[in-house]
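Hi,

Here is the structure I promised to pass on. Have a look at it first, and my notes on what turned up follow below.

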Amino acid sequence: MRPTSLTEVLEAVRATPKLLPRGGGTKAALSTPREGQAVLDMTGLSGVLEYDPAEYVLVALAGTPLAEVEALLARHGQYLPFDPPFVEQGATLGGTVAAGLSGPMRQRYGGVRDFILGVQFVDGEGNAVRGGGKVVKNAAGFDLPKLMVGSRGQLGVLVELAFKVFPSPRATATFKVTFERLEPALEAMHELASSPLEFYALDLETNPATLTLRLGGQPEALPSRLERLRAFLGHPPDTHTLLMEGEKEQGYWRFVGRLEWGHGYLVKVPLQPGKIAALERDLPPGIRRYVAAGNLLYLNWLDAAEKLDSLLKAHGLCGIVLRGDAYPAVKETLKSPLLGIDLEHSFARRVRAALDPTRRFSLDP
Amino acid sequence: MNPALSELGRIYPPERLLVQPGQLAPYESDALTAFRARPLAVVLPETAEEVVQTVAWCARHKVPFVARGSGTSLSGGSLPVEGGLVIGLNRMNRLLRLDPKERVAVVQPGFINLHVSNAAAPYGLYYAPDPSSQPVSTIGGNLAFNSGGAHCLKYGMTSNHVLGAKVVLPDAEVVELGSQSLEAVGPDWLGLFVGSEGLMGIAVEVTLRLLPKPEKYHTVLAAYDSLEKAGNAVAAVVASGLLPGAMEIMDHLAIEAAEAAVKAGYPMDARALLIVELEGEAPEVEAEARHLGEVIAASGAYEVRVARDADERAKIWKGRKAAFSAVGRLSPDYLVQDGVVPRSKLGQALLEIERLSQQYGLRVANVFHAGDGNLHPLILYDGKVGGQLEQAEALAGEILKLCVGLGGSITGEHGVGMEKKAYMPAMFSEDDLALMQRLRRALDPDELANRGKMFPQGTAATGAPRHSGPHPLEQAGLLSRE
Ligand SMILES: Cc1cc2nc3c(=O)[nH]c(=O)nc-3n(C[C@H](O)[C@H](O)C(O)COP(=O)(O)OP(=O)(O)OC[C@H]3O[C@@H](n4cnc5c(N)ncnc54)[C@H](O)[C@@H]3O)c2cc1C
Ligand SMILES: Cc1cc2nc3c(=O)[nH]c(=O)nc-3n(C[C@H](O)[C@H](O)[C@H](O)COP(=O)(O)OP(=O)(O)OC[C@H]3O[C@@H](n4cnc5c(N)ncnc54)[C@H](O)[C@@H]3O)c2cc1C
């Protein structure tokens with residue numbers, strides 16, 4: 001089914017007992033249907049509906065590709081401050097909200113939950129409802145837009161979304177600094193994050209321990225800010241640093257946003273910086289990136305999902321598989337994208353039941 | 001004492017279980033003094049466990065309850081339900097943990113907003129949401145109303161700074177929403193709870209996120225001979241790609257009143273004043289300040305002042321922060337609204353408000369967060385003159401509808417509460433409201449938590465507005481509102 005209007009979404013929902021909405025399908029672990037589930041392809045509901053750069057507000061249909069949104073914003077010197085991943089692979093606004101995904105630049109102003117202003121969705125009873133609004137500040141009614149962040153299509157089909165957007169920094173520069181060991185890198189990350197220095201991105205990679213710091217703002221201030229940053233870090237030797245500017249720098253971040261790391265599951269793990277040291281002692285070598293000063297881990301996992309599940313549980317963490325497979329030698333089908341500790345509670349169960357009483361959007365009967 | 005109440009007496013010592021009329025009187029209304037209701041009793045828990053037992057008691061006896069922080073709600077949010085229980089949380093005011101390294105503070109719900117920043121200050125950190133009521137309002141109340149301040153455009157509202165909450169649901173079950181991380185897996189349950197105006201249960205422990213204090217501020221005051229020019233200046237700042245932490249406008253009536261009250265040294269002949277503040281890393285702020293200077297110079301301001309030090313900055317803000325109470329002193333009574341319009345419609349909204357003001361023959365002062373389109377029209381009237389209150393309310397209602405008509409919202413920060421529930425249908429359809437009600441009943445089938453608020457058909461609280469003047473704290477000069 002590929003609806004092209006709200007009416008068609010309503011009809012599809014009412015007529016289908018088990019339904020999985022799909023955007024671009026970039027997060028295959030989330031958007032591949034299970035037995036008995038019909039796919040509702042949302043890419044037919046595409047297009048920006050309202051955008052006045054002076055308002056810092058953009059309203060679009062949920063199936064709109066992020067690439068289209070970002071290109072439009074860029075023409076007016078603006079951007080999505082939560083920095084969604086998978087833009088180049090075809091991710092949609094709806095899929096990004098439903099999967100609850102933000103990227104490295106969430107460091108500066110916040111994640112997708114901090115920028116969603118309004119939503120129209122179709123609930124499990126086949127009614128179209130709105131929550132939030134289309135202005136940057138609003139306190140009327142329950143905050144349904146935030147509720148939809150991370151809802152994975154299980155609370156309703158997103159039809160229309162409104163976001164707050166911001167002016168892009170006029171210039172950016174990225175400074176990479178490598179450490180001999182993880183501990184001093186973690187210490188530096190803590191100190192930078194607690195300092196008045198402002199970063200568009202504050203990322204940690206582990207092999208070798210490297211901090212990637214993105215500065216943004218007025219071009220004439222960048223040189224002195226970079227100098228202050230070097231001084232803050234105790235003037236690390238040039239052999240341990242790398243400065244990127246201009247097109248190369250932009251390209252670097254576009255590449256990072258693809259999160260394309262070859263074989264393996266791609267897993268999102270929310271955490272807090274204090275948990276990194278212990279987690280690193282247990283994780284096998286591999287590709288991963290801690291973003292937003294250690295609040296979010298994107299992890300590549302080659303082994304069986306079950307093993308990661310126990311590892312996360314041991315650390316009191318949870319995770320969600322976004323896409324990928326285990327290494328071919330490991331034969332398994334992923335039972336659920338959710339790994340680690342179980343976050344379900346009665347608040348969640350009751351809200352789910354209110355929005356989707358017949359469990360149209362969930363797998364279990 | 002009735003038998004049910006004596007059960008409460010097993011949880012609380014007499015000094016924390018208030019039942020005498022004299023003891024109940026201070027709890028009969030909040031900062032929207034127009035509404036009053038007499039509760040059955042007020043309890044003052046000191047622990048989360050006492051809150052759980054109290055809510056369990058309410059659930060068992062089907063007694064509606066209202067959580068109360070400092071009672072500064074401007075929309076009747078903490079108004080008691082007639083014959084219900086008030087759960088006063090002011091005694092749960094401890095800082096449970098402050099972790100400067102992880103930049104989080106864990107507090108009890110009665111902890112005062114400003115005290116968070118005070119506790120964080122030694123570590124160079126602060127708590128960003130800054131409602132004008134911050135010297136008295138509680139984190140629990142802020143959470144319930146998703147309160148904001150002058151810095152919302154850039155930094156967001158309360159919701160953007162709360163990481164987790166332990167919540168007692170209306171059936172006394174306890175759940176943990178959110179975590180200590182900025183990120184999450186699964187629906188943003190905490191995001192739904194914040195701003196639910198006390199209808200989804202009581203927060204008994206809250207984890208807040210702290211930010212490093214900005215290194216430098218740059219505060220500009222510009223005077224204009226018309227409101228329109230000040231509004232255009234805001235548009236020009238936005239168009240320049242700058243993102244100031246705050247942009248505030250005051251109109252002539254507000255300037256006059258503020259000047260009379262606190263002698264901020266404002267240009268007295270101005271028809272409008274604009275305050276713009278940049279903040280952040282020093283070299284960046286200095287560079288932005290040059291660009292801002294050019295934009296303001298081209299905006300038709302006839303006088304521009306730049307704060308040279310912290311004292312001058314404080315002086316500029318002093319008049320702004322005092323403006324509301326100051327205007328209030330010009331008139332025996334006043335009503336305040338906080339509707340939002342798209343920023344580009346500010347000029348149109350102000351013209352329309354001026355026209356309505358003339359039509360109704362009531363003075364309206366305007367002080368507002370121009371950066372995010374959040375108006376604060378202050379309608380002056382005299383409750384002793386027959387019919388003026390009704391006129392003022394009708395005018396307020398027209399302003400709310402105007403905001404919605406221009407694509408905005410009926411409230412930017414004060415919430416719906418009692419006051420604006422009749423206007424919810426102007427903003428939301430029947431289906432929207434029905435779904436919100438369904439959510440609420442899924443959590444609270446008997447509608448015990450803050451019954452009668454937010455939804456238009458709510459019935460519990462009684463009485464029509466009789467008088468709307470300053471909050472007792474404002475009369476005492478302890479508080480001023482924006
Ligand atoms: C490694 C890889 C490389 C790829 N490369 C390319 C490429 O080069 N070019 C190309 O064109 N495509 C490519 N694709 C496919 C394609 O990218 C995407 O299909 C897809 O982009 C977008 O998915 P999405 O982000 O919209 O969310 P999805 O993956 O579709 O969905 C994520 C989650 O959101 C939910 N959801 C989605 N939409 C809604 C909605 N409206 N309402 C409620 N819930 C919703 C889903 O149910 C699911 O739980 C690639 C995919 C992969 C995995
Ligand atoms: C002079 C003045 C200036 C103001 N300025 C601003 C401003 O700039 N910005 C702004 O946003 N607001 C402002 N307000 C409004 C008010 O201060 C805020 O709404 C504030 O958050 C209320 O806090 P409180 O502790 O007084 O809560 P109360 O008024 O006691 O309660 C408010 C609501 O929260 C609920 N509640 C309280 N505690 C809890 C809890 N622990 N769990 C669940 N629900 C709870 C109550 O039931 C009620 O519905 C102002 C008010 C005044 C009087």
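This is a predicted model: local features need pLDDT of at least 70, side-chain atom pairs count only at pLDDT 80 or more; totals for chains, interfaces and linings use all residues.

How many bridges join strand β8 of chain B to strand β9 of chain B, and do the two run parallel or antiparallel? There are 5 bridges between β8 (residues 162-168) and β9 (residues 174-178) of chain B, and the strands run antiparallel. Strands here are DSSP runs (E, at least two residues), helices likewise (H or I, at least four residues), both numbered from the N terminus, and two strands pair if DSSP finds at least two bridges between them.

Residues are numbered from 1 along each chain as its sequence is written, chains are lettered from A and ligands numbered from 1 in the order in which they are written, and side-chain values use heavy atoms, with hydrogens and water left out.

Back to that hairpin. Gly164(B) stands opposite Gly178(B) in β9(B). The hairpin has 5 residues between the strands, and Ala172(B) takes a positive phi near 80° there.

Chain B also has an open sheet of 4 strands with mixed pairing, in the order β1-β2-β4-β3. Its edges are β1 (17-18) and β3 (65-68), each pairing on one side only. Inside the sheet, β2 (residues 41-43) and β4 (residues 85-88) of chain B run parallel and are joined by 3 bridges, with Val43(B) opposite Ile87(B).

Helix α3 (residues 48-61) of chain B lies across β2, β3 and β4, at about 170° to β4(B). (Axes are lines fitted to C-alpha atoms, for helices over the stretch in contact, and angles run from 0 to 180 degrees between N-to-C directions; contact means heavy atoms within 4.5 Å.) The axes of α1 (residues 3-11) of chain B and α3(B) come within 10 Å and cross at roughly 170°. That makes the two helices roughly antiparallel (under 35 degrees would be roughly parallel, over 145 is roughly antiparallel, 65 to 115 roughly perpendicular and the rest oblique). Among the residues making the contact are Leu5(B) and Leu8(B) of α1(B), and Trp57(B) and His61(B) of α3(B).

Val51(B) is part of α3 and counts as buried because its relative accessibility is 0% (buried is under 20% relative accessible area, exposed over 50%, partly exposed in between, with a 1.4 Å probe and protein chains only). Leaving out residues up to four places away in sequence, Val51(B) touches Pro45(B), Leu89(B), Met92(B), Val168(B), Ile202(B) and Val204(B).

Now for chain A and its rings. One aromatic cluster takes in Tyr56(A), Phe82(A), Tyr109(A), Phe115(A), Phe163(A), Phe166(A) and Tyr200(A). (Rings of Phe, Tyr and Trp, the last by its six-membered ring, pair if their centres lie within 6.5 Å; planes under 30 degrees apart are stacked, over 60 edge-to-face and the rest tilted.) Over all chains there are 9 aromatic pairs. One of them is Tyr109(A) with Tyr200(A), edge-to-face at 6.3 Å centre to centre and 80° between the planes. The partners are 91 residues apart, and both are buried.

Tyr56(A) has a positive phi of about 60° although it is not a glycine, and is buried at 1% relative accessibility. Finally, the peptide bond from Asn207(A) to Pro208(A) is cis, with omega near 0°.

Cheers
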